[in-house]
Amino acid sequence: MNIKANNPLLKSWITIPKNSDFPIQNLPFGIFSLEDETPRVGVAIGSQIVDLKSLFELGYLEEVPFELADFDAAVLNPMMLRGKEAIRVLRNRISDLLNIENKELQGNPEEALQILVNAEDVEMHLPLYIGDYTDFYSSEQHAYNVGCLFRDPNNALLPNWKHIPVGYHGRSSSIVVSGEPIHRPKGQKRPNPEEPPVFGPSNLLDFELEMGFVTFQGKPLGNSISTSEADEYIFGMCLFNDWSARDIQGWEYVPLGPFLGKNFASHMGAWIVTLDALEPFRVPGPIQKPEVLPYLEYKGDKHIAINLEVAIQPENTTEKVVSNSNYKYMYWNMNQQLAHHSVNGCNINCGDLMASGTISGPEKHEYGSMLEISWKGSKTVQMNDGSERKFINDNDTVIMRGFAQNDTTRIGFGEVSAKVLPAK
Ligand code: CA
């Protein structure tokens, strides 16, 4: 696929710091606000943000199929409702305006000053109205590790796992944006299986390293999206920390699955990188054996190589990286997840969020949760201040980062970061 804005030779007249996540080839979308101004749509470039509301008002977006209200909005949904082709036109136009060879905006410093804001000066907001949130369970190593920890290493994967991209419907109301602190959840748990359950703050609070993908408006109820159609229904991707209270989860999950151990909070990154921008980083997925049913078959490279990192920063010390994984390790790709999600006729709406499931790689340093890193609390990880972790302590900040990189271009996601405050 030849996407104009992805051209690795493009250079911007805006200074892009070395190793920036946001070169001119990226142009991710988010919602930001300056003090005393309403939230609006922005595009990240280097360490600045392009204010699309101002860009539109000053007449630079006359050729694109959008209206002012699409950018003068507190969420990306109105803009996304215009569809994939319109977003592609918009992204190409923004790319042109930021291109060093284009003088339209570059030659008008006064207007450029109105349009560009320093990322340091803004507040980022939850970028979507998320109608529905679905969490998959699509990393084989993670499913295998959990199977080993809680069941039988010889039968670690349940019989359905290689036939179905397993998932569940999560809670969208408690998805918050990077930077918002959360309180340690309280709940019912049974630390001693010989004794009755108890109530209190979770002692086994954990992160889950995930990527989310965000959908365009799907088809009406009763219709399905095939694996070959799926790309057209995916707007982009973000970093996602799907918090888990392992002790609450472990006691409550039988027989209906995740509930209060999951729905107290999930964090998403503030920037949504378009699927278009990620096309150069497609890679083949694993060979799927046993063969999948025809509706889950797919053609072409549908996996994406994205380097992922998790760090824990205790209060008053530096962060410690505890995991380096990669999105390429997924067994099931987004196309298969979306095809499976809609195969029964379930409708997908603009702004739905689908999370990958914890992304663990084959090596121990690639595990995507403390449950696996500490092997259910049997090992510790040392922080830079000498303290040890099996799970997440109060006042720890968990930071996830991600970027795709080839010889010419780095397309990053920024970070999703959140501090855990003591239970209320
Ligand atoms: Ca999860």
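This report describes the overall build, the calcium site and some local backbone features of a predicted model.

The protein holds 10 helices and 26 strands, and its radius of gyration of 22 Å is close to the 22 Å that the globule rule gives for 424 residues, so the protein is as compact as a globular protein of that length. Along the principal axes, the C-alpha trace spans about 75 × 55 × 40 Å. Of the 424 residues, 55% count as buried, and among contacts between residues at least 6 apart in sequence, 71% join residues at least 24 apart. The accessible surface comes to about 18,400 Å², with 51% of that area belonging to carbon and sulfur atoms. As for charge, the mean position of the 36 positive charges and that of the 54 negative charges are 6 Å apart.

The calcium ion has as its protein donors Asp 135 (OD), Glu 208 (OE), Glu 210 (OE) and Asp 242 (OD), which lie 2.2 to 2.3 Å from the ion. Along the chain these donors follow the spacing D-x72-E-x1-E-x31-D. Because Glu 208 lies in the loop between strand 12 (205-206) and strand 13 (209-215), while Asp 242 lies in the loop between strand 14 (234-241) and strand 15 (244-245), the pair ties together parts that are 34 residues apart in sequence. Glu 208 counts as buried at 6% relative accessibility, and Asp 242 is likewise buried, with a relative accessible area of 0%.

Helix 6 (residues 140-150) is mostly covered, since 8 of its 11 residues are buried; among them are His 142, Asn 145 and Cys 148. The cover over the buried residues of helix 6 includes helix 10 (370-373).

Most residues other than glycine have a negative phi, and most peptide bonds are trans. The table lists departures from both patterns.

| Feature | Value |
|---|---|
| Peptide bond Val 254 to Pro 255, cis | omega near -5° |
| Peptide bond Lys 289 to Pro 290, cis | omega near 0° |
| Leu 27, positive phi | phi near 55° |
| Lys 376, positive phi | phi about 60° |

Pro 255 is found in the loop between helix 7 (246-252) and strand 16 (266-268), whereas Pro 290 has its place in the loop between strand 18 (282-283) and strand 19 (303-304). Leu 27 belongs to the segment before strand 1 (29-33) and is buried, with a relative accessible area of 1%. Lys 376, by contrast, counts as partly exposed at 44% relative accessibility, and lies in the loop between helix 10 and strand 23 (381-382).

Technical notes:
Residues are numbered from 1 along each chain as its sequence is written. This is a predicted model: local features need pLDDT of at least 70, side-chain atom pairs count only at pLDDT 80 or more; totals for chains, interfaces and linings use all residues. Side-chain values use heavy atoms; hydrogens and water are left out. Helices (H or I, at least four residues) and strands (E, at least two) are DSSP runs, numbered from the N terminus. The radius of gyration is taken over C-alpha atoms; the globule rule is 2.2 Å times the number of residues to the power 0.38. Buried means under 20% relative accessible area, exposed over 50%, partly exposed in between (1.4 Å probe, protein chains only). Contact means heavy atoms within 4.5 Å. Accessible areas come from the Shrake-Rupley method with a 1.4 Å probe; for residues, only the protein chains shown count as cover. Lys and Arg count as positive and Asp and Glu as negative; His and the chain ends are not counted. The place of a charge is taken as NZ of Lys, CZ of Arg, CG of Asp or CD of Glu. Donors are N, O and S atoms within 2.8 Å of the metal (3.2 Å for Na, K and Ca); water is not among the atoms, so sites may look incomplete.
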